Amino acid sequence: MTLILTRSDIHGLLADATAEVEAAVADAHRDLALGRADLPAPPVMGVPGSDGAFLAMAAASGPAGLAAVKLLADLPGNAGHGLPVQRSAVLAVSAQTGGVAAVLDGAVLTRVRTAAATAVATRVLARPAARVLGLLGTGPLARAHALALRSARDWDRVLVWGRRPERAVELAAWIRDELGLDAAAGADPRSVTEAADVLCTLTPSREPLVRGAWLTPGQHVNAVGAPPRPDHREIDSEGVLRSRIVVDSFATARRKSGEVLIPLAEGTLTEDDFRTELGHVLTGAAPGRSSEEEITLFDSVGVGLQDLAVARLLIDRAGKEGVGTRIDLTA
């Protein structure tokens, strides 16, 4: 039987699973570094006459017992029709039999696993004494990050900026009321960047929001929001060059991360500058932070192995709780 999980099913199953999702994502990156999982770079497909892009984000994992693919549609034209610019669905099959284990809506799953990866990276790369969290962006991804990062450090304050000031005020109020953290709206990206010990960029920006001159010694930056396109980025070249870079996947970053591809094309960055993957740090194959003054950058492009890890968690939870619809695809 194949499990079908809707967006509302997934939202309910993950509502109290922040720690479990983070652990699953961390284990997935360790498995990748140790050769227990396979993660090819996703092909990018276009439709002639359209600016849309489709990515097939595939992965396979021995420990999880699954192979999975998420088809991600990145359709800028959707914005004009009141539709999400990015939409996705995940197909997970048994690694042993090839039977279809589950079909899952991708929206909540993607948001939660992305924030979990940021939390994992922040734990191993940010200074232990980091006390101010900065969020650039006010959408659902920013809310997911505030929730996932709540326990990553002992925050004194959270600063939020968004293009619509009222949204920043609203998110800061939610962080205060729901998470119990002191939070306020920042005036602009520069003021939030300069004040933050840990900065998360969470916008679908094409042009850089953050300038390298604004970064401060000892800072950790999570570059998360830019779409998977080589000409989109949130951090300028100076900011990337000032940082020690850790990626979730070198092969994927090499294909679709504007953060590294633009300075690479400029000749100011080399491939060796961004070969360190999060799994290498988690397994001890590469160091985390090397000094209190080092600026670290987690270039989060998002990978299918993270989707697979959360799919495994969802399948197991749904089975225990009797959630979802089960159908026989072979009938």
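Let me start with a contact: Arg111, Thr114, Ala115, Ala116, Thr118, Ala119 and Thr122 of α3 meet Pro140, Leu141, Ala144, His145, Ala148 and Leu149 of α4. Contact here means heavy atoms within 4.5 Å. By class, that contact of α3 with α4 has eight nonpolar, four polar and one charged residues. On the classes: Ala, Val, Leu, Ile, Met, Phe, Trp, Tyr, Cys and Pro count as nonpolar, Asp, Glu, Lys and Arg as charged, and the others, Gly among them, as polar.

Some ground rules. This is a predicted model, where local features need pLDDT of at least 70, side-chain atom pairs count only at pLDDT 80 or more, and totals for chains, interfaces and linings use all residues. Residues are numbered from 1 along each chain as its sequence is written, and side-chain values use heavy atoms, with hydrogens and water left out. Helices (H or I, at least four residues) and strands (E, at least two) are DSSP runs, numbered from the N terminus.

Back to the geometry. α3 and α4 pack at about 45 degrees, with axes 8 Å apart. That makes α3 oblique to α4. The cut-offs: under 35 degrees is roughly parallel, over 145 roughly antiparallel, 65 to 115 roughly perpendicular, and the rest oblique. Axes are lines fitted to C-alpha atoms, for helices over the stretch in contact, and angles run from 0 to 180 degrees between N-to-C directions. α3 passes α4 in a right-handed crossing. Right-handed means the near helix is turned clockwise from the far one by less than a right angle; anticlockwise is left-handed.

What about α3 itself? 14 of the 19 residues of α3 are buried, so α3 is largely enclosed by the rest of the structure. Buried is under 20% relative accessible area, exposed over 50%, partly exposed in between (1.4 Å probe, protein chains only).

Next, α2 against α3. Their axes come within 8 Å and cross at roughly 70 degrees. That makes α2 roughly perpendicular to α3. Val21, Glu22, Val25 and Ala26 of α2 meet Val112, Arg113, Ala116, Ala117, Ala119, Val120 and Arg123 of α3. The tally: eight nonpolar, no polar and three charged residues.

Now α4 (140–149) and α5 (165–179). They pack at about 30 degrees, axes 11 Å apart. So α4 is roughly parallel to α5. This crossing of α4 past α5 is right-handed. Ala142, Arg143, Ala146 and Leu147 of α4 make the contact with Glu170, Leu171, Trp174, Ile175 and Leu179 of α5.

Glutamate 20 sits in α2 (18–33). Leaving aside neighbours within four places in sequence, glutamate 20 contacts Leu313 and Arg317. Leucine 313 is 293 residues away in sequence, yet 8.1 Å away in space, C-alpha to C-alpha.

Threonine 138 is in the loop between β8 (132–136) and α4. Threonine 138 is buried, at 16%. Not counting residues up to four places away in sequence, threonine 138 touches Val160, Trp161, Gly162, Arg167, Ala168 and Leu171.

Last, aspartate 236, in the loop between β12 (220–223) and α7 (237–241). Aspartate 236 is buried too, with 9% relative accessible area.
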